[in-house]
Amino acid sequence: MSKLRVLVGVKRTLDYMLKPRINPAKTGVDLAGQKMSINPFCDIAVEEAIRIKETQKDRVEDTLVVTAGPSASEQILRQSLAKGIQRASLIDVGNKELEPLSVAKLLKATVEKEKSNLVILGKQAIDDDAHQTGGMLAAMLGWPQFTSASKVAFEGDKVVVTREIDGGAETLSSPLPAVITTDLRLNVPRFANLAKVMKARKAPLGKLTPEDLGVPIENRLQTLSVEEPVSKRQSIMVKNVDEFVKTLKELKAL
Amino acid sequence: MSNVVRTLGGPLKTPRYAFCKLSLKRSSLLFALPKIKAQCFTPMKRIQVRRFSHSRFVQSNELMDNLKKIQSLEREAEDVDVCIVGAGPAGLGAAIRIKQEAAKAGKEIRVIVLEKAAEPGNHSVSGAVIQPTALDELIPDWKNEPPRHCTPVSSDTMKFLIPGMQFPIPVPPVISNKGNYIMSLAELTKWLATKAEELDVELYPSFAASEVLYNEDGSVRGVATNDFGVDSKGLQKDNFERGMAFHAPITLFAEGARGSLSKSVIQRFDLQKNSEPQTYGLGIKEVWRVPDENFRNGEVAHTLGWPLRNDTYGGGFMYQFGDNYVSVGLVVGLDYPNPYVSPAAEFQRMKQNPFFAKVLKGGTCLEYAARSLNEGGYQSIPKLVFPGGALIGCSAGFVNVAKIKGTHTAMKSGMVAADAIVEAFNTGDVNKPLTIDAYEENLKNSFVFKELYSVRNMRPSFHAFPFLGNYGGMVYSALDSYLFKGKVPWTFSHKKGDAAVTASASSYKPINYPKPDNVLSFDTPTSVARSGTMHAENQPCHLFDSRPNDRQDAYRMYKGVENRFCPAGVYEYVDDETLPTGKRFVINSQNCVHCKTCDIKDPLQGINWKTPQGGDGPKQTLT
């Protein structure tokens, strides 16, 4: 049976309890001073990696958590170390905006550098809801992907994953290497023990830049404007089709 | 204060206090005119305690039993030099000062700061207009890189409100804000936290200190953090993590007003013995972002009068700072007798007055917060030092109510405590619990006590004169601030604590508060959502009611006062046909915004506010 070298990719997002505020220029979300935390789906990915390490003890050679972001993202890496991940690495991109494609390229370079054979990611980030990074990464690596996983198990050299789909649950399996993205019901993340948080405070972190990985960051998308969703929709009751058409014309929908 | 009385026979430390004798007895004799009988009584005596054998109350016994079992489990322990509970201005001020002074003395002192909020500043609530006295002393070059949104005060106004109108009133010199700065206390706290981490202070947010640990001789050994992963019945969940214990020769309690551990320590060491009971106010505020045409940067405004009645102390405030931010709020003294008053509802309707409405029109409300604050002043300062520990900041109570400022005094108290600690580490044996008497001595000689002494009569004057209520207070305060400046031989006393003053609902009529219009005023669920408050599911309710059997009688007497004093809708009386009054007392602890008003104002004094899991609670950044 091959050894497992697990890579977990995490993202630092606005804390999930906070309501996003749009900046006055309406070009994006105002994050200044707000509490930022690990993306909840990424937290579940970290937890899954730790559980695999605990249940498959002898088989797991290495667990590594990686994030691409500003230097403040160190905080979520240290939290993951405190929970039980062995190593952490920060890809410092300063204050640049990252699109899923760039992140997927950075992760691909990291996978090749670290020789990982199991990548666990959150299915989507709660700020952009893109749901793209996992799929793009799998395609670029040419690996099988299991998205929205709700159960992960190992049978010999195969990984067996149950996914939640619209119709119910689907169970798939494939040999390693593979990419798994986590859904909400996969597990409940543990709390970091304070003693371990204290040790993780001084733990060494790997630091890289996109140039070190040979991946230039290019952004292909430009955000034109950001607006609040329409909060009140009017319900207009109409009596018959003629009135319906008349109302639509008044509202300039026809 | 009481110490001064005792040393009258011998040499006095500070001559100017020589005339402050028998202050308590004398003043109550002078003003022994018949006060309005507000039908106060001690609830303990009047309410019959009836045993309900209802299954609900069996449940709470089950919870307590299970929690006891967990309490007997071993904890991992860590030895540190100084343990500070609470990363607010006092706690962080003390931590920073210890590190600064230790570096000067060439010593290493390990300082740990525990904070229940997810990030320092998330639970910090204040106006705030900061007097930079303590900050200038702690970090003299702070202005080179000030906290975000820090704005120097440009103008100072006071208004008297009546429905629909406002009148200007002169700003007394004692509360003039020249040279002060408007900023968000959350931002200041975050800024102080960064400075503390730079000095290698070990700061652990998301970990609440939930228990004080004692040595065999009764001195404080340290504190322990809360257990994680306990379900609502008190049983261990899969992700259970036992809390950690910190042992230190000195533990500073800097939890803010009515801190939960501070309350237990004050009771245990009887620290309030020679002082009057602490009295409190409840401050409720919102932070708005308003359009350019309404915004007047650096303006500080305070209001008196409407919507509060003559028997309810309080006033509004509106500070404009930073990036078109307006901090608007209302402080209500919790010694109001009318159980139908709802401070949160008063705040919501206050914003309808044109003075506020004109500024807020077209703006967006960003955050909502509420926090209780000390109003007892000089008369209520407890003994500060006990074996192994000390109280700093609002846990003791140094708010200057006349100026409505407590941050500078809190920080200074932290700094004076820090100096005493470093001195003890330099000279004495630190292998045993320290009693830092030097802290209390030096603080008495600092500007903190001098300031509080000079304004000691202003707040109590609002209930010192029978029939005059707030008007009496305003007249006296004007005299005191322009003429006397506190140099008088009398000291007014507070009434008994805020809870005991609550009168029966039968003396009053229900107040018809206007419905929220969702433009300027909002309902409680919307406001609570704006505080970002969250408590992890399936954990024990952190609000312990030690008198659940008496809530039926409490409802008969006060008609649901618990629902009205809480600004977050935590306490409710829901319809229940099976109970004698038709109402059942329900606690929705998930809404809690950590203001501690319930602990203060519950007429039964049965509600005990304890820390929930670390990281829970509000996530405020602009308050």
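How far apart do the C-alpha centres of domain 2 and domain 3 of chain B lie? The legends below describe a predicted model, and the first legend gives the answer.

Figure 1. The C-alpha centres of domain 2 and domain 3 of chain B lie 33 Å apart. Domain 2 covers residues 457-491. Domain 3 covers residues 499-609. Domain 1 of chain B is assigned in three segments: 76-123, 189-276 and 380-451.

**Figure 2. The interface of chain A and chain B.** On the chain A side, 24 residues are in contact with chain B. On the chain B side, 34 residues are in contact with chain A. Together the two chains bury about 2300 Å². Carbon and sulfur atoms account for 57% of that area. Three residues stand out on chain A: A:Phe191, A:Leu194 and A:Arg201. They supply 28% of the area that chain A buries against chain B, more than any other three residues.

Figure 3. Helix H5 of chain A, residues 194-200, gives the largest share of the chain A side that touches chain B. Its share is four residues. By type, the chain A side has 14 nonpolar, three polar and seven charged residues.

Figure 4. Strand E8 of chain A spans residues 158-165. Strand E9 of chain A spans residues 168-175. The two strands are antiparallel and pair over eight bridges. Two residues lie between the strands of this hairpin. Within the pairing, A:Val159 stands opposite A:Ser174 of E9(A).

Figure 5. Strand E12 of chain B spans residues 228-230. Strand E13 of chain B spans residues 236-241. These strands run antiparallel and are joined by two bridges. B:Val230 stands opposite B:Gln236 of E13(B). Five residues lie between the strands of the hairpin. In the turn, B:Gly234 has a positive phi of about 90°.

Conventions:
Residues are numbered from 1 along each chain as its sequence is written. Chains are lettered from A and ligands numbered from 1 in the order in which they are written. This is a predicted model: local features need pLDDT of at least 70, side-chain atom pairs count only at pLDDT 80 or more; totals for chains, interfaces and linings use all residues. Side-chain values use heavy atoms; hydrogens and water are left out. Contact means heavy atoms within 4.5 Å. Buried area is the accessible area (1.4 Å probe) that two parts lose on being put together, summed over both. Ala, Val, Leu, Ile, Met, Phe, Trp, Tyr, Cys and Pro count as nonpolar, Asp, Glu, Lys and Arg as charged, and the others, Gly among them, as polar. Two strands pair if DSSP finds at least two bridges between them. Domain bounds come from an automatic or database domain assignment.
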